[in-house]
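Subject: Handing over the structure

Hello,

Here is the structure I promised to pass on. Please open it first, then read my notes below.

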Amino acid sequence: MRVCRGGAAAMADREERRFAEVPRESIRLMAESAGVELSDDVAALLTEDVCYRLREATQNSSQFMRHAKRRKLTVEDFNRALRWSNVEAVCGYGAQDTLPFRPIKEGDLFFVEDREVNLVELALATNIPKGCAETMVRVQVSYLDGKGNLEPQGTVPSAVQTLSDDLLKYYQQITRSILGEDPHLMKVALLDLQSNSKIAALLPYFVYVISGVKSVSHDLEQLNRLLHMVKSLVQNPYLYLGSYVRSLVSSVMYCILEPLAASINPLNDHWTLRDYAALLLSHIFWTHGDLVSGLYHQILLSLQKVLSDPVRPLCSHYGAVVGLHALGWKAVERVLYPHLPAYWANLQAVLDDYSVSNAQVKADGHKVYGAILVAVERLLKMKALSLSVNAEGGIGGLPRPGGIMGCRESSPGLSPPPEPLSEPGLGIASHLHAGGAGCPWEDWTPVPLPAMYCELYSFFGDSLAVRFSTGPSLGNSPPAPLAQPPTTRKELPGGTANLDTARKMPQLTANLNISPRQDGSPHGELTAPSMVSGRSLARSSSSSSVQRSRSSSSRPGQRPSGLSRDVFPKARFNPLPAGPPIFSFVIGGRQMGRRCQGRRFQTTFTPSQPLSAVSSRTYAHKLPVIGRVGKPVRRWTCSQYSLHLPL
Amino acid sequence: MAAVQDAPVEADNEKEIKTETLNDAAGNHASAAGGVIPSPPVASTSSSGPAKAGGPGSEEQQTLMAVLQFLKKNNFVGAVDVLRREAGILEDSDESQGQELAASALGGAEAGDATCTLSRASSCTTSTPAVAAAPAKGGEDQPDVNVVLSAYSQQGDPALYQGYYSGLKKFVESVLDCHRAELSQLFYPLFVHMYLELVYNNHETEAKAFFEKFSGDQECYYQDDLRVLSGLTKKEHMKGNETLLDFRTSKFVLRISRDSYQLLKRHLQERQNNQIWNIIQEHLYIDIFDGMPRSKSQIDSMSGSLAGEAKREANKAKVFYGLLKEPEIDVPLDDEDEEGENEEGKPKKKKPKKDSMGSKSKKQDPNAPQQNRIPLPELKDSDKLDKIMYMKEATKRIRLGPESLPSICFYTFLNAYQGLTAVDFTDDSSLIAGGFADSTVRVWSVTPKKLRSVKSAADLNLIDKESDDVLERIMDEKSASESKILYGHSGPVYGVSFSPDRNYLLSCSEDGTVRLWSLQTFTCLVGYKGHNYPVWDTQFSPYGYYFISGGHDRVARLWATDHYQPLRMFAGHLADITCTQFHPNSNYVATGSADRTVRLWDILNGNCVRIFTGHKGPIHSLAFSPNGKYLASGATDGRVLLWDIGHGLMIGELKGHTDTVYSLKFSRDGEILASGSMDNTVRLWDSIKAFDDIETDDFTAATGHIHLPENSQELLLGTYMTKSTPVIHLHFTRRNLLLAAGAYNP
């Protein structure tokens with residue numbers, strides 16, 4: 001029962017499938033594990049009988065559910081049915097929480113994750129959750145004279161648990177100090193929230209407070225504090241978040257994705273907030289994702305929606321990208337990567353607009369660009385890594401520790417858990433967001449690494465720090481990238497750039513070469529999975545993007561010639577007619593914010609030959625938006641650029 | 001040749017189906033003879049049968065008839081004419097010939113029937129046909145179990161089953177509309193039995209194919225059973241399967257009008273469809289009635305149970321549904337009067353002043369059982385006091401109706417963690433008890449008065465027994481608390497019930513016991529062991545002392561609190577007994593079952609006096625109307641059905657709930673029926689209107705065929721949402737305030 005190997009395949013064989021069936025091989029495997037060899041026909045007979053007995057037990061167990069006046073069939077019900085038919089009950093599955101069901105892709109093997117439990121530790125544990133409320137009866141007049149609802153229907157009772165005075169006081173103190181002015185007090189309160197074992201009853205209230213993010217979207221400071229509160233709650237080992245995870249996630253998602261009122265002012269560093277929220281999201285997901293089924297897909301869906309909505313401001317897009325990045329490279333591969341071509345055109349348009357009025361938008365665009373770059377670089381790296389591990393591990397073999405599974409265990413930020421991944425295949429995800437207009441990852445097929453690299457290279461060109469070459473001889477000395485910061489301008493004119501691209505069209509071999517980078521990128525020295533795990537999610541995606549932009553701006557003006565397009569090679573656009581060498585400038589700037597330490601942006605532009613009329617474009621909205629560009633994308637490739645840059 | 005020997009006796013006994021069997025036999029004979037002639041050995045037995053039973057003359061005639069039949073069938077028109085002329089038989093219709101023949105030679109006809117079955121199963125080796133014929137004719141209630149168990153052993157050609165079934169299907173589709181609905185009833189039982197026969201004889205692939213092909217045709221309310229069936233493809237599996245056992249040991253009852261039945265029979269005879277005919281005779285009980293064929297909706301409203309409809313005679317017994325006479329208690333109008341009068345020792349003066357309460361109780365209800373039909377405990381002083389309280393409260397009762405709906409108070413169990421399984425209120429609404437999945441029973445006081453237990457024996461020795469407030473003194477103040485937990489069961493507690501005097505509490509559990517708890521000491525007094533399987537429900541009698549329990553073992557047991565063994569065992573349900581309820585006069589109990597029937601049992605003699613069919617899912621709630629005339633039942637299909645106990649009729653169907661109805665309650669005066677369900681709603685229904693709308697004229701009373709109003713929505717007075725809390729218990733206070741209870745499911 002635990003191991004249903006190839007169950008899906010066996011079912012597909014039968015034309016009618018009334019029931020789930022335990023395939024013959026499983027029976028044989030189980031028999032083998034008990035030391036019995038079964039012949040074919042015995043196994044067949046036994047299989048049928050096992051299936052029948054299982055169905056019978058399930059049918060019997062349903063009456064225990066009905067009489068317990070529940071809708072959910074529990075393991076306990078099943079065990080009762082077994083016990084009453086004189087069969088040994090199944091132990092160890094009585095937990096209220098749903099058990100994560102994991103597949104191993106290679107072996108087509110599904111199993112219930114069964115972690116080892118240290119009984120001694122459990123027995124001596126002192127962190128037994130307290131504050132579990134006593135069962136009690138409360139009465140209220142629901143309907144007076146058969147009419148009139150005293151309270152709106154269908155809402156959760158205002159007081160599910162009546163709070164004791166102590167709890168009430170605690171609640172007031174904590175919220176006051178967290179949202180108050182004193183940073184020291186806040187720290188103490190957060191620490192206590194992280195370790196207090198008696199606040200289970202207060203959880204709904206705190207969750208409610210946190211859901212107040214929507215009302216303070218103008219105040220970065222408050223948003224930050226609330227996010228810290230989320231973090232403390234999530235880290236509290238005594239709290240069982242249960243379905244509140246959903247509410248917390250939605251609050252955090254709000255901070256990541258929404259065009260916060262605070263971001264209207266460019267001086268506000270809402271980027272850091274988004275980065276932090278994204279980190280928090282991945283943390284919640286990795287530690288509590290099991291509590292809510294389908295959470296992963298819901299998150300992906302909403303991120304993807306934002307990303308594909310051109311009307312959304314760039315900061316929302318940024319949030320979506322860092323969110324995906326935080327959820328791991330598989331999320332990036334599934335959502336961001338397929339969406340990139342469509343999005344790229346829009347982003348390119350913004351980045352190529354050198355008009356004065358566009359400066360702010362452009363700065364934001366660079367932010368997004370940086371975030372995307374970081375995300376896809378990690379995607380490439382991790383994909384290569386996983387391929388190499390697979391190649392070493394042998395085809396079809398179980399992954400070695402340190403392989404895919406190992407990666408997942410040790411560094412949660414890198415790949416999503418296998419559980420949600422298995423869902424699209426099983427068709428579970430489809431009903432999760434039934435009515436949603438198609439999820440792009442439903443019919444998603446993995447793109448081979450070389451193709452992916454090619455495509456990404458066509459977007460990013462040499463900015464892409466990850467390199468692949470065709471062979472060891474080439475790989476040892478990749479011509480351009482070695483010491484090249486991601487956004488460094490290429491020194492070659494356009495024609496050569498094309499050549500360059502063509503030459504580097506990668507043909508991936510088993511021995512790949514990840515070029516070390518010297519730009520201070522966090523994953524630069526990445527050679528082994530253990531290193532990856534060493535760099536935990538403490539590194540935010542933005543920190544690397546910041547560093548990257550900083551490093552590039554540290555050598556301004558180094559760029560002598562070349563078309564601006566080289567920065568963002570656009571394979572899909574017509575190449576400009578070759579002309580006389582044009583100078584372009586890189587201007588580094590500094591965005592000042594209250595808490596930002598030298599967050600910079602930089603932009604390059606070429607002097608336009610005739611300083612013709614600047615396209616007069618006004619933003620109706622204060623926030624930078626891609627979708628609001630007045631001109632068709634095509635024309636941006638040859639538009640006039642302006643030198644004016646408001647700083 | 002058992003049939004032959006039995007036949008005359010049965011023919012005498014049978015009043016109703018007599019002519020039926022005659023026709024039956026004659027027709028069979030005719031067709032049988034047709035089939036017999038080509039195979040000499042069998043033909044010889046068939047002719048030898050009548051030879052023993054009937055006279056030689058009849059035998060000759062019979063043979064002639066058979067030959068004629070055969071010739072006719074094969075279109076030997078000339079030969080038929082010649083034979084007719086020579087034998088001197090008039091040119092009549094086959095049917096009338098058969099009847100004449102049957103009338104003249106009863107025994108021979110019966111034998112012909114037997115030969116029919118014999119010839120049918122030429123490959124059959126057992127002697128079952130004769131036995132099989134017997135129940136069909138005799139309509140015996142108790143089939144020989146051994147015979148039934150081995151019944152499936154006969155072999156037909158498994159490949160032909162599909163043909164048989166689709167042949168019947170075609171026939172039913174081709175008959176007149178008015179008969180089609182009735183004959184369609186046959187499909188399901190035939191389908192099941194043919195399938196089981198295939199499985200039993202190890203024709204697994206044919207069985208599967210058969211199921212695949214025809215399972216889609218069955219009525220949707222049989223889905224649950226079909227699911228069980230579809231899983232069963234091996235003979236070995238049939239052994240332990242309870243559903244199957246039901247199919248095999250009990251006859252599926254169909255009610256079919258005479259006309260439709262004739263049609264069916266003729267068809268089967270013409271087609272020589274003996275496989276089907278055999279199943280009909282062995283496993284089906286066809287209750288034939290005279291009169292109009294029923295419509296589809298009429299049939300649908302009554303079918304759905306595990307074993308078909310109830311036989312008509314099952315609901316013929318007289319039921320004393322009236323209420324018992326209330327004991328005469330002086331009801332003082334108010335407290336001051338009471339004290340004044342009593343002290344002066346002239347309570348009689350009060351009597352003429354007594355209001356309706358007193359006068360009502362004086363008249364003996366003609367439908368009521370004798371006062372001492374069931375011995376009831378005598379009233380104690382405290383009971384009398386309580387009665388007085390009750391009557392006082394009753395005067396303040398709000399009269400409910402469509403215009404004045406009750407207020408609803410909801411008792412929400414918080415932090416029950418999906419563990420609340422049963423709830424009960426005391427009649428005076430002062431206590432509430434909950435049974436939980438963690439084997440505990442908890443009792444709460446819902447009044448400011450806290451729960452106190454009696455002092456320990458040592459402490460009780462110390463108190464002054466002569467003092468006036470001794471009842472107060474025996475209570476232990478230190479133990480006062482809002483709630484008490486009763487530990488004792490070793491499995492989920494599925495039912496709780498307070499005794500009417502509030503001194504005891506019953507609880508039943510998965511561990512197979514019913515426990516009696518004292519609410520004075522909050523300890524367990526007795527564990528009643530009798531059910532060896534989970535006990536799903538238990539209920540105190542409205543007069544105390546007796547209680548009923550029912551569970552997985554399909555037997556309801558009647559207990560008295562001072563006996564450790566049951567007084568009565570009510571057996572007859574084909575599946576778990578899921579809920580139990582006492583009739584207000586304590587002479588009857590109703591049980592609802594997972595076989596989708598409600599049965600009413602007479603406590604006096606243990607007989608089953610009513611079987612109500614019509615639910616399409618296991619029944620989970622029952623409620624008697626306060627006047628004892630009606631019964632309401634709610635099931636997992638979300639429907640509430642109303643029954644007239646006296647006539648044994650379904651009189652209403654209340655549709656609206658979308659999930660299992662776990663609780664039903666009539667208001668104190670019976671004007672309103674409240675239903676609470678898993679779908680988080682309480683619904684109020686106009687029961688007066690529901691009862692009045694049905695005129696039970698003599699015809700419907702005689703046949704049991706009712707036309708339900710199409711739309712029950714006009715009976716629905718209100719739908720009240722809870723806050724994601726399934727409603728598992730309802731209770732009307734003495735002043736008609738509706739209390740509902742359930743556990744909040746976040």
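This is a predicted model: local features need pLDDT of at least 70, side-chain atom pairs count only at pLDDT 80 or more; totals for chains, interfaces and linings use all residues.

A disulfide is a covalent bond between the sulfur atoms of two cysteines.

A:Cys255 counts as buried because its relative accessible area is 0%, and buried means under 20%. B:Cys178 has a relative accessible area of 38%, so B:Cys178 is partly exposed.

Next, a sheet in chain B. Four strands form this open sheet, in the order 24-25-26-27. Their pairing is antiparallel. Which strands stand at the edges? They are strand 24 (661–666) and strand 27 (716–721) of chain B. Each has a single partner strand, so one side of each is left without a neighbour in the sheet. On average, neighbouring strands of this sheet are turned by 15° against each other, direction ignored.

One pairing is worth a look. Strand 24 of chain B pairs with strand 25 (residues 672–677) of chain B over five bridges, in the antiparallel sense. B:Ser663 has B:Gly676, in strand 25 of chain B, as its bridge partner. As a general point, strands of a sheet pair through backbone hydrogen bonds, either parallel or antiparallel.

Now the surface of chain A. A:Val117, A:Leu119 and A:Leu122 make up a nonpolar patch there. Together they have about 330 Å² of accessible area. A:Val117 sits in the loop between strand 2 (109–112) and helix 5 (119–123) of chain A. Is A:Val117 buried or exposed? The relative accessible area of A:Val117 is 55%, so A:Val117 is exposed; the cut-off for exposed is over 50%.

Last, two backbone angles. A:Lys69 has a phi near 55°, a positive value in a residue other than glycine. Where is A:Lys69? Look in the loop between helix 3 (40–67) and helix 4 (75–84) of chain A. A:Lys69 counts as buried because its relative accessibility is 16%.

B:Ser429 is not a glycine either, yet its phi is positive, at about 60°. B:Ser429 lies in a loop of chain B, between strand 4 (420–425) and strand 5 (431–436). With a relative accessible area of 10%, B:Ser429 is buried.

Best regards

Key:
Residues are numbered from 1 along each chain as its sequence is written. Chains are lettered from A and ligands numbered from 1 in the order in which they are written. Side-chain values use heavy atoms; hydrogens and water are left out. Buried means under 20% relative accessible area, exposed over 50%, partly exposed in between (1.4 Å probe, protein chains only). Two strands pair if DSSP finds at least two bridges between them. Axes are lines fitted to C-alpha atoms, for helices over the stretch in contact, and angles run from 0 to 180 degrees between N-to-C directions. Patches are made of residues with over 30% relative accessible area and no salt bridge: like charges are joined within 9 Å, nonpolar side chains (Val, Leu, Ile, Met, Phe, Trp, Tyr) within 5 Å. Accessible areas come from the Shrake-Rupley method with a 1.4 Å probe; for residues, only the protein chains shown count as cover. A salt bridge is a side-chain nitrogen of Lys or Arg within 4 Å of a carboxyl oxygen of Asp or Glu.
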